[in-house]
Amino acid sequence: MLEHRWVRYTIKGLLWTLAAVLLLAGLATVFAAPIAEVLTAKMLEQRGFGPSTLHVAKLGLDGVSVRNLSTLGGAVKLAEADIAFSIGELRTDKRIDALRIDGLQAKLVWSADGRITVGDMQIYPRPPFADMPSPQAATPPEPGQPTSFHLRSLVVGNSQLILGLPETEIATTLNATFINDAATGRALDATLNSAGDNVQITAGASMVQAPGKAAQGAGSVTYKLGGLNLPTLATGLSGEGNVSVSFDADGARTQDSRADLTLALVTPPPALAAVGVKGDTPVRLALEGNNSRLFLFTLDQTKATPTATVDGALTLKTGSVDLRAEVQGWTDVPLGGAIPQDFHITQLNLIGKGLSFGGGAGSASLNITDFKGPIAVAEGRISGQVLGSKLTLADRAEAKFAAAMRLDGLSLSFDLSEAFAEAENLKLGSAVAAGVSRVALTDAPKTGPSSPQQVNLVLGASRTLAVDMVMTGSLPKILTSPGATPAVLTLPRITLSGYISQGPNTSGTAARTGAIKLAATDGRLTHGFAHLGDITADLAIDGKKVTGPVKAVLQEAPGPTRPSALDRRGAVFKSNLTIDSESIDFKGNILSRGDVDVGDYSFTQQSDQPPVISLSIPARTWASEPSFIEVFGPIAGLTNTTGTFGLDLRATPSKAGLDGTLKLAFADFGFTLGSMTVTGLNSVMALNQIWPPKAALPQRISFGQLVAGVPFQNGDITVALNGDTMARVSQAGMRLAGGSVTGADFVVPLDGSTRSFAMNVANVDLEGLVKAFTTDGLTATGKLSGTLPLRLQNSRLYIEKGKLVGQNGSIQYRPTQPPAALAQGGGTILLQALENFEFTEVTANINGDVIKDLGIGLTLKGKNPGLYGGYPIEFNLNLDGPLNQLVREGLSGYRIPEDIKQRLQQQGINAPK
């Protein structure tokens, strides 16, 4: 009746009491009886079992006798304990000849708040570890010495455990005799009786085992309970039962066994609460036979491989919930080194009624019949059904299935022979058509005994279903690795119709045939490699294969960072699909929306091997139909293209990346991507590993112009790709405003890691650079040279302490409409100085993120001959912001707080009024 942990702690206390008695055996060789009594009592008190008293009636080298032992303030008592031993055998073999315990009594108190105590010791809840007595360090045994006591005989008589509950007390008496002798064998005889108000429990066990022989004996438990309450655990505990087991050399078996128990759990376990078991509703548990009232179990050891036979059922009932598990059959059991070879489950049923699921109530069942084998290859039948009502997604839903089942090694397969599914009044969202009241997967009527069984998809009277839902899940394993990013399928409207038939073919075996038509209007399949929509398919099922045409349109990928102007439909993929149990073959053509053939592609995979992907787009000019943007804009993110582009790809995913070959051809190709525009791009790239990219020869890339805030011309870059996510640039050069920007022998990371390198700037003409900026009223002469240390980190480009220097030039800034920031205060002096400024030195210190936040500090030294008599002027301009903004706004955003004016006044020159 007690939870096992409480019994464990109680037994632990009794064992410590026994340990105290055994301690006396050691004290017998050293101390007199009175001293031994004091030492033993103190040892018990130190372990938390005090106050304790005892009387040592005998203390000698051949035995110890104790009378009237009391611990835990009388909660545990012992009338007599006699230990017989030979002190020599006790020291060497740790062997005790006999132990007799008589009149052992202990009382546990189970309080209304759930606490269980023995005297002053709390057993449950378990006290914190820090409050427990510290265990004494054990002395390791000497080599070759026994590590535990050997007891030849144990007799326990007239012993009683009392459980005190708030409403009653239950007294349990125990009598036991145990013999363990090498010459005569082992024997056990034990009885237990519990009695109290509405409580009656009787248990007994007997066993004998001669040396070298199998044990034989029997055991039984009989109980009858009525309305017992266990605080904080269960109330109304009642029921009766009898379980008897006998065993001998032939095996084991139950006899006349059945049991039932009714109780209300104060806090049902989560698994039971999930199916509708409530704390205020009684639960009835019953163990009985499957085809009779008696639970039957046998273990037959007379066979070369022992077998176990079971015919039984376990039932749980509470309120409207009814759970039942039934099993009948036999199986080999691996006893004594035997290897299990065979089994036969004639019946296994799992039945649930009144269950809570899907926001409503329902029932479910699973039935396995005649499942037999050898262990590695077995066959049987499986069937089941689910029925629910008042569900969240439908008023009613029902499903049934039946199939042949086959176990082949570790593979379990099913041959479906019956399928039925139906839902009424679906609640799938506000966009669902009002007429959708029934969806069903059902058997078509049979026209004759020889007609094949046919499964039809019946989707309303018009064979059409409109749904509003989003499904997320991994693609089948044959399509992607287990750790792949899940695909998201959005189906605002889907039309599905067709049938699947199964019947004998010409060879007499079962074969499936059928046809399924699918159309997903305004739907979308988003995956790592593609974003497809407006999907249609016309599939045929022939034997073990699914074949047919599939058509889909490339769509813009969802995401807040994509320009809304790109939310257009792209290429049309027309494919032929073939799928069987071991492979998939997906081939087709890429078309523009004007049905111009753009290229072809394929996806093939055999069993669990990596797939092989191919994509071929012959080089063509994309300025007219088919426009590159109209075909690939949704995934490329480009807003303008010109020139010629072609691609040829053969790829296979691997653990390291993507194996295969890739050829890219650009001829005078141009595009705009965000704030960057490229024209005149030319290259023929050939990779023999796609990722990390690897090429047998250095690759050369050139462009006519690249504008990313600053216009670069005539770029020429040579790069080596060694397959380690690094691009090794042997030389890079481009023109900038009549000057040059060059670099050599540096590494550019392709994986977002950090690398630093430098570009040299030489003889950049200020006149040409200023003209490219097209700032109103700004002209300049002179040249700039210097070094730009660059750092690539997380695919972002930074300039670190860049410095450009020029000498002996001029700047004229005469805007038609002066910027508001320069039309007042110190800005007016700046405008006067820059009307005709002749500099002897200009220095540009450049730092920051080129795209997001670039800082440029300009230092100018020189004079304006018409200002203050050509007095020498030195001043600083600090400009901050993205490069594109600095180019576009120029000095418009500059702020000067009287710096120049104060400097001139310090030199004793009066500014004009």
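Trainee: What joins β17 to β18?

Mentor: A hairpin does, passing through 6 residues. The names come from DSSP: a strand is a run of E with at least two residues, a helix is a run of H or I with at least four, and both are numbered from the N terminus. This is a predicted model in which local features need pLDDT of at least 70 and side-chain atom pairs count only at pLDDT 80 or more, while totals for chains, interfaces and linings use all residues. Residues are numbered from 1 along each chain as its sequence is written, and side-chain values use heavy atoms, with hydrogens and water left out.

Trainee: How do you know that β17 and β18 pair, and over how many bridges?

Mentor: Strand pairing requires that DSSP finds at least two bridges between the strands. Strand β17 (residues 296-300) and β18 have 5 bridges and run antiparallel, so they meet the rule. Within this pairing, Thr 298 faces Thr 309 of β18.

Trainee: Which residue stands opposite Thr 315 of β18, and which is its bridge partner in β19?

Mentor: Ala 286 stands opposite Thr 315, and Arg 324 is its partner in β19.

Trainee: What makes Phe 586 and Tyr 601 an aromatic pair, and of which kind?

Mentor: Rings of Phe, Tyr and Trp (its six-membered ring) pair if their centres lie within 6.5 Å; planes under 30 degrees apart are stacked, over 60 edge-to-face, and the rest tilted. These centres are 6.3 Å apart with 50° between the planes, which makes the pair tilted. Phe 586, at 23%, counts as partly exposed, whereas Tyr 601, at 12%, counts as buried.

Trainee: How do you know that the charged end of Arg 620 sits over the ring of Trp 622?

Mentor: The rule asks for NZ of Lys or CZ of Arg within 6 Å of the ring centre and within 35 degrees of the ring normal. The charged end of Arg 620 is 5.9 Å from the centre of the Trp 622 ring and sits over it. Likewise, Arg 791 lies over the face of Tyr 798, at 4.5 Å.

Trainee: Where is confidence lowest, and where is it highest?

Mentor: pLDDT is the predictor's confidence in each residue, from 0 to 100. The lowest mean, 31, belongs to strand β26 (residues 453-458), and the highest, 94, to strand β12 (residues 199-209). Where pLDDT is low, the predicted coordinates should not be read in detail.

Terms used
Buried means under 20% relative accessible area, exposed over 50%, partly exposed in between (1.4 Å probe, protein chains only).
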